[in-house]
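Subject: Structure for you to look at

Hello,

Here is the structure I said I would pass on. Please open it next to this email and follow along as you read.

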Amino acid sequence: MKRRSFLPQHRSGRWRIKLLLMVLLLFSCFCLLMLNHYSFSRVFEHSAAEAPPVVDTQKPKIAFLFIARNRLPLEFVWDAFFQGEKEGKFSIFVHSRPGFILNEATTRSAYFYNRQVNNSIQVEWGEASMIEAERILLRNAIKDSFNERFLFLSDSCIPLYNFSYIYKYIMSTTTSFIDSFADTKEGRYNPRMNPVIPVYNWRKGSQWVVLTRKHAQVMINDDAVLPEFERHCRRKSLPEFWRDHPFPADPSKEHNCIPDEHYVQTLIAQKGLEGEITRRALTHTLWDLSSSKDRQRRGWHPVTYKLSDATPKLINDIKGIDNIYYETEYRREWCRSQGMPSKCFLFARKFTRAAVMGLLNSSVLIIN
């Protein structure tokens, strides 16, 4: 009889035992790993629940957009105005002549240091270049995502109230403030604008507007209305300018169109957005209707207040205005803020440097 060998079965059993031990070891490691992961997750969630939430404290800002010739003659009044705000709720941009820099040599207010836009252009009164200057300011200001309102100001403009009051007034509504009314005077609208700009969308108003971010973007992106203004909206030729421009064949038939008095208002009407605006300005301007001997020139320029004109009574009278009447629409705009009757104007122009210094000395302007 032959002897059977049991050696292969013995060795096979040992390998099965080793394999089973390895599986048990791997399973134990996996369970330990999962337990540690679960414990870590619980600790992390507990720590995250106890940690204070990260809150962005930056408030929405108003972008103050100044259009100036060179330096800002009323910088001292704006310096006092901005000193009254401590939470960074404003930004400043200045459009002046190309190459002009705001620094220690050109302004005494640190708020304006290097606040000039570096891509400024030469602006001519009564030309579409004024509109392009406004668009340049908007393109620079809209880069700051916290800028929610865009306020245009001239270099002869002053605030009538402190920063806190003006900020609440402007930010309390979701609308833009745009002085806008139907323009029925002959000679303003150029029929050549039709059909791109039909006459029923033709509007007039002040260029000193306050835009929401949405409407600022509309103005920046416009590529239809502005070209029509550049081609067909020009101020009437005056004798003193004939040496620089061709003599008109028949001056009586010229369209006297001042682009910055029509552009924003007409653009908003074209886009069907008039329901999103408050149709009045926040900057008071008094138009000179009597100083010119030429009847056609009356009302072309606002009154400039000199030292003798700028009295406490003047400021109080402007502050006391609570409604505006629009003759062409037989419309009276009663001014409201935060759902309540309010004063109409937050700013006023045009003031000389001496006039503003006199007002500050009289304590009628409390702006900080």
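Predicted model: local features only at pLDDT ≥ 70, side-chain atom pairs only at ≥ 80, totals over all residues.

Helix 3 and helix 5

Two packed helices are described by the angle between their axes and the distance between the axes. Helix 3 covers residues 129-141, and it packs against helix 5 at an angle of about 125 degrees, with the axes 9 Å apart. Helix 3 and helix 5 are therefore oblique to each other. Their crossing is left-handed. On the side of helix 3, the contact is made by Ile131, Glu134, Arg135, Leu138 and Arg139, and helix 5 contributes Ala216, Met219 and Ile220. Sorted by class, the residues of this contact are five nonpolar, no polar and three charged.

Helix 5 and helix 7

How do the axes of helix 5 and helix 7 cross? Helix 5 (residues 213-221) and helix 7 (residues 263-270) have axes that come within 11 Å and cross at roughly 100 degrees. That angle makes helix 5 roughly perpendicular to helix 7. Helix 5 takes part in the contact with His215, Val218 and Met219, while helix 7 takes part with Tyr263, Val264, Leu267 and Ile268. This contact has six nonpolar residues, one polar residue and no charged residues. Met219 of helix 5 is listed in the contact with helix 3 and also in the contact with helix 7.

Helix 2

Is helix 2 largely enclosed or open? Seven of the nine residues of helix 2 (residues 75-83) are buried, so the helix is largely enclosed by the rest of the structure. The buried residues are Glu75, Val77, Trp78, Asp79, Ala80, Phe81 and Phe82.

Thr278

Thr278 lies in strand 9, which spans residues 277-278. Is Thr278 buried or exposed? Thr278 has a relative accessible area of 18%, and buried means under 20%, so Thr278 counts as buried. With neighbours within four places in sequence left aside, Thr278 is in contact with Thr175, Ser176, Phe177 and Ile178. With Thr175 there is also a polar contact between the two side chains, at 2.7 Å.

Backbone points to check

Most residues other than glycine have a negative phi, and most peptide bonds are trans.

- Pro195 sits in the loop between strand 6 (181-182) and strand 7 (203-204).
- Lys350 sits in the loop between strand 15 (347-348) and helix 9 (353-361).
- Tyr330 belongs to the loop between strand 11 (323-326) and strand 12 (331-334). Its relative accessible area is 70%, so Tyr330 is exposed.
- Gln338 belongs to the loop between strand 13 (336-337) and strand 14 (340-341). With a relative accessible area of 58%, Gln338 is exposed.

Regards

Note on methods
Residues numbered from 1 in each chain as written. Heavy atoms only, no water. Helix = DSSP H or I, 4+ residues; strand = E, 2+ residues; numbered from the N terminus. Buried < 20%, exposed > 50% of the residue type's maximum accessible area, 1.4 Å probe, protein only. Polar contact = N/O pair within 3.5 Å; in protein donor to acceptor, adjacent residues only side chain to side chain. Contact = heavy atoms within 4.5 Å. Axes fitted to C-alpha atoms, helices over the stretch in contact; angles between N-to-C directions. Parallel < 35°, antiparallel > 145°, perpendicular 65-115°, else oblique. Nonpolar A, V, L, I, M, F, W, Y, C, P; charged D, E, K, R; others polar. Left-handed = near helix turned anticlockwise from the far one by under 90°.
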